[in-house]
Amino acid sequence: MPYPAPDGTQLIEHLGAGATFDVALVRLGGSPPGPTLVCKRLVPRVLHERAGRAAMVREAKALSLVRHPALPALARVGADRHGPFLLESRREGTSLRDVLDGWRGRGRPPPASLITHVARAAIETLAELQELEDAGGPIRFVHGDLGPDHVLLGPLGDVGLVDLGAARFRDMDPDLETADRGTVPFVAPEIARGESPPTQRGDVYSMAATLVAFATGAPLTRAREQAAALVEISESGLCLDALSATDALSPGQRRALARALDRDPERRVGTARALLDAFDAAAPDGPEAAR
């Protein structure tokens with residue numbers, strides 16, 4: 001059956017279904033027509049499961065709590081005979097996976113200037129989100145599933161984050177806690193093993209892994225199957241040989257990313273701001289390079 005656009009909207013394009021959400025572009029009705037929005041519904045497999053409902057509520061609550069240009073804006077929450085749905089603004093941009101694939105299609109890697117820009121902009125965006133506060137204090141935002149498909153490069157060089165079904169935030173209802181484990185190999189080992197819920201420190205790891213994959217275009221694990229890849233990142237860590245060899249980043253910037261990918265969470269930088277400071281200090285014109 002065609003994608004069921006909510007009442008008051010018309011279907012523009014069905015974008016596809018993932019593990020949790022079935023996503024489409026819709027337009028609000030009226031004269032003149034309203035804006036184009038992203039509609040999210042639960043896929044049938046999780047429609048009646050607690051984990052699926054929790055993911056939808058988390059995304060809605062996170063978007064209503066966290067207001068930032070890098071994130072979509074929540075437009076409406078509703079339900080009809082097809083189940084619950086979310087309407088949110090469309091975050092313009094191209095996923096880092098598609099950006100990298102586009103350069104591969106040209107037979108060359110992304111230019112060093114683009115890699116450096118994306119890395120710094122992405123880390124800075126995550127730092128701003130982690131530091132957001134409102135009248136109730138720090139929001140303590142956690143994305144929970146950062147990876148090349150969920151980090152977007154916008155048309156003006158800005159970085160956006162999408163797909164907040166695994167998000168965490170201050171005072172989250174314990175009933176919304178589920179076993180979200182991110183995406184191997186980008187998820188921190190302790191979260192992938194179920195030893196920890198998604199955390200800000202885990203987001204820093206995932207962002208660093210995403211940026212290493214973008215900068216090098218190389219696999220992060222030798223293993224190809226997910227279970228074997230999890231064992232590999234848990235026992236020996238990510239494969240960073242390509243990071244060590246790339247000249248798109250300075251040696252200090254490569255070290256900063258590698259430190260954020262330590263298997264031991266206590267040895268990693270704890271916040272995106274700390275990673276950004278280390279990354280900036282190691283820039284070719286930064287204080288580390290001047291020493």
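This is a predicted model: local features need pLDDT of at least 70, side-chain atom pairs count only at pLDDT 80 or more; totals for chains, interfaces and linings use all residues.
## Composition of the annotated domain

According to the unreviewed UniProt entry, residues 9-280 carry the feature "domain: Protein kinase".

## Packing of α2 and α5

Two packed helices are described by the angle between their axes and the distance between the axes. Helix α2 spans residues 96-105 and helix α5 spans residues 200-216. Their axes come within 10 Å and cross at roughly 10 degrees. Because angles under 35 degrees count as roughly parallel, α2 is roughly parallel to α5.

On the α2 side, the contact is formed by Leu96, Val99 and Leu100. Helix α5 contributes Thr210, Leu211, Ala213 and Phe214. By class, six residues of this contact are nonpolar and one is polar, while none is charged.

Rolling a probe the size of a water molecule over the atoms shows where empty space is left. In this structure there is one cavity of 30 Å³ or more. The largest cavity contains about 50 Å³ of space.

Its lining consists of Val142, Gly144, Val187, Ala188, Ile191, Pro198, Thr199, Gly202, Asp203 and Ser206. Helix α5, which also packs against α2, gives the most to the lining of the largest cavity, with three residues. The lining of this cavity divides into five nonpolar, four polar and one charged residues.

Notes:
Residues are numbered from 1 along each chain as its sequence is written. Side-chain values use heavy atoms; hydrogens and water are left out. UniProt positions are given in the numbering used here, feature names are shortened, and annotations may be inferred rather than shown by experiment. Axes are lines fitted to C-alpha atoms, for helices over the stretch in contact, and angles run from 0 to 180 degrees between N-to-C directions. Helices (H or I, at least four residues) and strands (E, at least two) are DSSP runs, numbered from the N terminus. Angles under 35 degrees count as roughly parallel, over 145 as roughly antiparallel, 65 to 115 as roughly perpendicular and the rest as oblique. Contact means heavy atoms within 4.5 Å. Ala, Val, Leu, Ile, Met, Phe, Trp, Tyr, Cys and Pro count as nonpolar, Asp, Glu, Lys and Arg as charged, and the others, Gly among them, as polar. On a 1 Å grid over the protein atoms alone, a cavity is a set of points where a 1.4 Å probe fits but cannot get out, and a pocket is an open set with protein on both sides within 12 Å along at least five of seven lines; lining residues have an atom within 4 Å of a point. Grid points are joined across faces, edges and corners, and a volume is the space filled by probe spheres set on the points.
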